[in-house]
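Reader: I am new to this structure and would like to know what the terms used for it rest on. Please take them one at a time.

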Amino acid sequence: MSKDMRQAALDYHAHPKPGKISIELTKPAETARDLSLAYSPGVAEPVREIAKMPENAYKYTGKGNLVGVISNGSAILGLGNLGALASKPVMEGKALLFKRFAGVDSIDIEVDSPTPQAFIDTVKRISCTFGGINLEDIKAPECFEIEHRLIEACDIPVFHDDQHGTAIVTTAGMLNALEIAGKQIEQAKLVCLGAGSAAIACLKLLITCGFQAENILMLDSKGVIHTGRNDLNQYKRLFAVETACRTLDDAIVGADVFLGVSGANLLSPEQLKKMAANPIVFACANPDPEIRPDLAKKTCPDVIMATGRSDYPNQVNNVLGFPFIFRGALDVRASSINEEMKIAAVKALCALTKEPVPQEVSDAYEGIELSFGPEYIIPKPTDPRLLGAVSASVARAAVDSGVARTDYPAHYPLKSIDDV
């Protein structure tokens, strides 16, 4: 990042008021009567109603539209374990995105916890405050246990976006890329460079959607994950296969798909040339991808390329998923976000990409023509149709799969934030 951009980022967060979120009033508080209704003595009435029936919290408080964005700061973006307090700008940013894109209120909570158990205990005890919990920036493998145990302990959706949000958006783009490339998912060979939480979640969802486990090679910092290794944790062992491949050079030969969730410049042009015809490359390391799109295109003109960056086509951006997934889950008071809801989000993103793009979206990208093809395999974050398409699909899947506690909303699908 340039010096000017660094200063602009600091100024953005500091001025005119520190931070990115605030609390607004939703009821009048001007007169003595207003205040007596808002607090004592009037507030006693909803307290009694909630004590009699906990579900009344959704009727008399903001619980139903409130998400906790919670982190321990152990894996902040690409910066590593910098502690809970240092994660606060990121968590505030997540809250900003929830509100901006889906009208979801959220509070950031940074937990300075010495152990995963302390974090779990803290989140469990405060979970009744919220309609849902978005876990963020928690290192692997601790994040798997933390999420699993909180899902079991809480009766509201608990969603680790670094895992599942990434997986949902990646899978949607990947399915569309396979279609454009003329490749069958059941036969496609995939190489995944990276074995952290995002990589593992992506592969699980891709397998659910049709990839065959025996056609996948995952690599960590020590090379290919194979059945002969005795240094694998329980999560990596799920992807161990019998193979003679030991390095990326070995694994990439004849691969249809490369998925990178690792680091900068780790896929060379020579390795790209070893892939099958019409290769698909998702180089999602940030800020610098495993191979730059311009170099990949120069090396292999028929490559279908995606990155995590907004300055290239086909950005794999979690904001395409989590605001609308939570919107749909909250609006039917879902007790969890299950596989059916994740797949529904994938299908909604896939389908939306194939529809004509509104002019306002093209205008936001300097009038670039956006139509389903190699340069447009996934919607743009500014597409206003995401709110209606994804939230409606997720809400319907929650109802159909039995985790919703209300009916499918009569006002769905949403047309804009004003409908929330």
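**How the sheet is described**

Author: Helix α9 (residues 197-208) lies across β5, β6 and β8, running at about 175 degrees to β6. The model is a predicted one.

Reader: What makes β5 and β6 a pair?

Author: Two strands pair if at least two bridges are found between them. Strand β5 (residues 190-193) and strand β6 (residues 216-220) have 4 bridges, in the parallel sense, so they meet the definition. Within this pair, V191 stands opposite L217 of β6.

Reader: Which strands make up the sheet, and in what order?

Author: The sheet is open and has 6 strands, in the order β7-β6-β5-β8-β9-β10, with mixed pairing.

Reader: Why are β7 and β10 said to stand at the edges?

Author: Each of the two, β7 (223-224) and β10 (304-307), has a single partner strand, so one side of each is left without a neighbour in the sheet. Helix α8 (residues 161-181) packs on the sheet and touches β8 (257-260), β9 (280-283) and β10, its direction making about 160 degrees with that of β9.

Reader: How do you know that both faces of β10 are covered?

Author: A residue counts as buried under 20% relative accessible area. I304 and A306 on one side, and M305 and T307 on the other, are all buried, so both faces are covered.

Reader: How is β10 joined to β9?

Author: The two run parallel and are joined by 4 bridges, with A283 opposite T307 in β10. From β9 the chain passes through helix α12 (residues 293-299) to β10, a β-α-β crossover that is right-handed.

Terms used:
Residues numbered from 1 in each chain as written. Predicted model: local features only at pLDDT ≥ 70, side-chain atom pairs only at ≥ 80, totals over all residues. Heavy atoms only, no water. Contact = heavy atoms within 4.5 Å. Axes fitted to C-alpha atoms, helices over the stretch in contact; angles between N-to-C directions. Buried < 20%, exposed > 50% of the residue type's maximum accessible area, 1.4 Å probe, protein only. Right-handed = clockwise from strand over helix to strand, strands pointing away.
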